[in-house]
Amino acid sequence: MSLENILTDWSRYRKGLEQGGFHDYEHMWGMVIDLDKCTGCGACVVACYAENNLAVVGKDRFADGHAMHWLRIERYWDEPDLGEGRVAEYQHHGASFLPMHCQQCNAATCEPVCPVAATYHTPDGLNAQVYNRCIGSRYCSNNCPYRLRYFNFFSYYESSWPAPLHMQLNPDLTVRDKGVMEKCTFCVQRIRAAKDKAQMEDRKLTDGEFQPACVQTCPTSAMTFGDILDLHNPGKGVENTRAAALWRKHEVELGKTRQTKQDPDLRGYRIFEGLNTDPKVLFLERVREV
Amino acid sequence: MSGIRQLFSGRWSFPGVRIPVGERAGLSSTAGFLALVVALFACAPLAAQAGSTVPNAVPPEGTYSGKDVPQPIEFPHDIHAKINGINCMYCHTYARRSKVAGIPPTSKCMGCHSVIATDKPRIKQLTEYWEKREPPHWLKVHDLPDFVHFTHEKHIKRFVFDNPELPVEQVSEVCAFCHGDIKDMTVAKKQKPLTMGFCRSCHEANNGPFDCWKCHK
Amino acid sequence: MSLDKMKRREFLKVLGWGGVGTTLAGCDMPTTVTVQEGEEEVVAYLAPEEYVIPGIGVWYATTCAQCGSGCGVHGRVREGRVLKLEGNPDSQVNRGKLCQAGQASLQAHYNPDRITAPRVRRNGQLETIGWDQALALLEEKVGPSSGLAGERFAWVTDTVSGHQAVLLKAWMEAVGSRHHYVHEAVNDAVWRAVCRDMLGDENPRLRIDKARVILSFGADFLSTWGSTVQNSARYAEFRTAPRGVLVQAEPKMTVTGANADLWVPVRPGAEGVLALAIANRLAAEHGRDLSKLPADVQQQVRAYDIDKAARITGVSAEHIARIAALLNERAPSLVLAGTPAEGHARGYDNVAAAMLLNIVLGNVGKTLESGAGFPFPQLAAKTGGNRELLDFAAALESKSFDVVFFKGANPVYTAPEALKLKEKLAGVPFKVAFTQFEDETAQQADLVLPLRSMLEDWGTHVPTAQPEQMLISLQQPLMEPLYPETRGFGDALLALLKLRKAPQYAAYDDYYAYLRNAFAALPATLKQGAISDQQFWTRAVQKGVIEVGAGSGSLTARVAAFTVAEPADQGRPYTLVPSAGANLHDGRYANLPWLQELPDPISKVVWDSWAEMHPITAAKIGAKTGDRVRIESDHGAIEAKVYIYKGMHPDAIAVPLGQGHEAYGRYAQGRGVNPLKILGLATETKTGELAHHATRVQVTRIADKVGDKLVKLGGSEAQLGRKLVATVTADVYARTEGEA
């Protein structure tokens, strides 16, 4: 049934934001991560575990690649180019840290392949995973170029939260059971709570009213979260957000596979943008002195 | 919003769907989904409930025959809500302020019952709890799956406070949409299916939101 | 800031003693069961506060007690359970931010391995008893009737501050003992000693934010050294245009080193020579005037030109020249020295040589500010290092104590095997451990008294590193104690004091009453117009901190006598670097599963120990990543799996601290190895600290990567041309975002 849907709606579905997009968007949550400020410490990762009921899988399952960290910090050792096949003896430039969580792509490759439409794009521009719909085909994670979807190969409820650890579980979201794919939601429970509250008070959301757990805890404030809908639709979402200001400042536009910046030296870039995934996480390049 | 709505329109309308009750199905798991699919095809659509006494609202469709739930005190909803005409939100005060309606704290009961009907056996039972400084352990009748986010406050806002034609005194008519005729019961019993189809029928008729993540968590 | 705005709208609440909301077990707790009609229990509140609404989280302010930094936190409580912690924006220590250990303190609170009732040793086994019996036993063993002289009592703790420290001191004075050992295995004791001698203040404020260049000799200030969340905020400032440059010199790359613009490997122990060579270059090439320095210091500086220093330190002359040029060019700068520089026989001299650079470059008073002037010295944080551990062991050797109390510190785990601490402890007739967990030290105790978690207890904390506006941070319970048979540390101290000085303390039913009284007695100037003591208290607990004014005092630079020594490298071929990481710290977080599963920032290894080495070293040993090696010192051997990368000096082998627990619950026990165990007992000459980076080891490959694997976060070690972490040069940055 959903296959038929998807075939019918495919072309509309792939319509970029600059052409009006697939959705009548209410918000478009995006993020900016300044890699020059990220120290790779990992506070965000633990904050994510605490907020999102992420299972601790243990050493053996971690070895099998079953870790459930929605947010992971990748570390790369870069070899500076010394030319003529020479290799540096030491890591004089330090390491390169990269916090990676769902890029919330606007043209997400994970979405169209779900046979049961358990993953879809919300009017908030989020890449949603509806756990109770998921049948565990794992097509989505296969199709994610960033490898940011995590599958529950086992049921971790008993092993990960022996009493009274289970008392810490956040009731605003579920504990995902065996056979379900899960992923970063930009802390949708916080988004939902903030939206509900604004709705109850008959007002619009304001910038900074809530933050995902990772952004809130980051000791160097390397992450900025906010609505970036007004980049394309002024006056529609939450206006004048700090996140949108950074996207503008770094001249990065949504809906493009290659940016045409007036100043190509500006630091903003998106990972694997050329794949036409249209990710909503903007990275600011790490600065190197030499 | 309209996009998603069209994507699913007319294809997911199964009023009166029942999720197997009390079965330990893996939540949000393959097993859970399959159970749901089986349920979808096994259940014949039940008759829609006709008419509504609430202006500007179409109630959800479906009925359900719930089990009797033994409670620590046989609380008479009928005496409170029907005979004495007490507003539901007098006791379930959190309904307009929180996602849960809440069981009233024992102090609330004692607010009246330290003087009213103190000689009745059920009140004596209550007083005993109060004096032991221990709240009764009630059993939950209207339970939703853990993967569902339902918020009372927004529904109360939509159907009561934002509904100019419904006096707040008649809030019980709105509560009855999902809780049935509690006014006529002593101990509450589930009368509505509280399934996704049930929710959908109402969201469809009243122009409610259709984004999956509005209700699924 | 918008974050503040958000927090203020959520009502921060105050709990009175006994007013803690009932924990609604079973209510709205995520499970894997779907619909439970008539099965799930719902328990209503008995008589809740008006602001407690089921389904809505209430935020309370308290203080994180995971380390001595004293970060303020906000805890979200729903249905009587604390669910999530965030930083408290009102605390200038952490300004709304929190590190991984702070986040994971939830798991220390809900840990399944907590001790739930007092235990006493009978016939060699620990048996559960009640508090009445435990208190009776305490009265018998430590009360006046014990007949013991005061000097026969000792305490071993980790960093203590606030009113707990006051009560502890009062108890020491009541019995007449001076033996309070504050032991921190990961510390900055030598740095403090040098600061005391050369700046006149042992705890200067590090203005990382004001520096244009930072040269750090192994000070891992972003991860393990000092008040890391506070440092991180200042680091973010430092990296904001005009962007500061970070140079890190150390034998093993730390997290701070991994973020450096220039990281240079230093031969272990040669930090002092490197610092002198930089001073030499500053004078020789950049015309810095060293003539006011003491003659012997001038002579030492002259002794190390960059070429000679390059041969000794392993840092190329080119790099030394570049570092000197950077320091000369951009002012102010800041020179720091951390654990790897301190941990040698002449560690003090290494650090002093680094401090000399601060003096030569005129940083004192600019990026190093006085931290003095905290108006309540009795509340100030009392911290320590490894010397206290050695002193304690020496005292045990001479059978000095009849009763020893432990709190926070776990010396049986952190002491080198050569110290034979376990055996020496056996000679102490009565050992009492105040603890949440049965760790290695608690296992040796005769009486184990279970403490409340930081989320169940009252207290006050004074940060080890005070922000510009000095403060006292308050700790309040966020939920009912999980286990009724546990006690707060303040309450336990009060009970001990009542055994000795009943009349003075009889007025206080509990620690809460004591704190209330202490707050009422604070000077009126701090009460900021509160109309009553009650209002002052309520405001303070609500906010989580009370600010007690900016510090006063200034630093006076004075070059203390020091003589830098070149590393000798005798005996075995490699130097062992027992490296601390933020995840497990000195091993105290090893029982928190989130932190075990959090990959180490550098190696990305989880749930294990490993040995880091340079490819050159690995080639000599014949080991590949994942192979098993045996690391042997004069005092024992450990085995670990190899991780090879180029962030090591080829003479150094680094093994992380934190694993190798023989006790401490299901998550910590029997996992990896503890490098502290094979350390030698050589000490730092001037301070008596343990020379923990001076142990020489032999490394042999013993097995291929079979069986027990080295488990790390997957993926390749290099970017392979994908534009993942893109970089831009500082020049370009200066043009686009620079001096705006």
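Guide: Happy to. This is a predicted model.

Visitor: How do S6(C) and S7(C) run, and how many bridges join them?

Guide: They run antiparallel, joined by four bridges, with S6(C) covering residues 119–122.

Visitor: What happens at the S9(C) end?

Guide: S9(C) pairs in the parallel sense with S8(C), residues 153–157, over three bridges. Opposite C:Val182 in S9(C) you'll find C:Thr157.

Visitor: Okay, salt bridges. What is C:Glu397 paired with?

Guide: With C:Lys424, and their closest N and O atoms are 3.3 Å apart. That pair links distant parts of the chain: C:Glu397 sits in H14(C) (residues 387–397) and C:Lys424 in H16(C) (residues 421–426), 27 residues apart.

Visitor: How many salt bridges are there over all chains?

Guide: The search of the whole structure finds 76.

Visitor: Let's switch to chain A. Which strands make up its open sheet of four?

Guide: The order is S8-S1-S10-S9 of chain A, with mixed pairing. The edge strands are S8 (223–227) and S9 (268–269), pairing on one side only. S1(A), residues 29–34, runs parallel to S10(A), residues 281–284, and four bridges join them. A:Val32 has A:Leu282 as its bridge partner in S10(A). Helix H8(A), residues 242–249, packs on this sheet, touching S1, S8 and S10 of chain A, with its direction at about 105° to that of S8(A).

Visitor: Where is A:Asp278, and what's its phi?

Guide: A:Asp278 is in the loop between S9 and S10 of chain A. Its phi is near 55°, a positive value in a residue other than glycine. For context, most residues other than glycine have a negative phi, and most peptide bonds are trans.

Visitor: On peptide bonds, then: which residues does a cis one join in chain A?

Guide: A:Ala163 and A:Pro164, with omega about 0°. A:Pro164 is in the loop between H5 (157–160) and S7 (181–183) of chain A. In chain C, the bond from C:Ala331 to C:Pro332 is cis as well, with omega near -5°. C:Pro332 falls in the loop between H11 (317–329) and S14 (333–337) of chain C.

Visitor: Now the interface. How many residues of chain C are in contact with chain A?

Guide: 107 residues of chain C are in contact with 92 of chain A. The two chains bury about 8400 Å² between them, 57% of it on carbon and sulfur atoms. C:Trp594, C:Glu597 and C:Lys646 lose the most area on the chain C side, together 9% of what that side buries.

Visitor: What about salt bridges and polar contacts across it?

Guide: The count between chain C and chain A is 12 salt bridges, and there are 44 residue pairs in polar contact. By class, the chain C side touching chain A has 54 nonpolar, 23 polar and 30 charged residues. One of the salt bridges is between A:Lys249 and C:Glu737, at 3.8 Å from N to O.

Visitor: In which sense do S11(A) and S28(C) pair?

Guide: In the parallel sense: S11(A), residues 286–288, pairs with S28(C), residues 727–729, over three bridges. There, A:Arg288 has C:Thr729 as its bridge partner.

Note on methods
Residues numbered from 1 in each chain as written. Chains lettered and ligands numbered in written order. Predicted model: local features only at pLDDT ≥ 70, side-chain atom pairs only at ≥ 80, totals over all residues. Heavy atoms only, no water. Contact = heavy atoms within 4.5 Å. Buried area = accessible area lost by both parts, 1.4 Å probe. Salt bridge = Lys/Arg side-chain N within 4 Å of Asp/Glu carboxyl O. Polar contact = N/O pair within 3.5 Å; in protein donor to acceptor, adjacent residues only side chain to side chain. Nonpolar A, V, L, I, M, F, W, Y, C, P; charged D, E, K, R; others polar. Pairing = 2+ DSSP bridges. Helix = DSSP H or I, 4+ residues; strand = E, 2+ residues; numbered from the N terminus. Axes fitted to C-alpha atoms, helices over the stretch in contact; angles between N-to-C directions.
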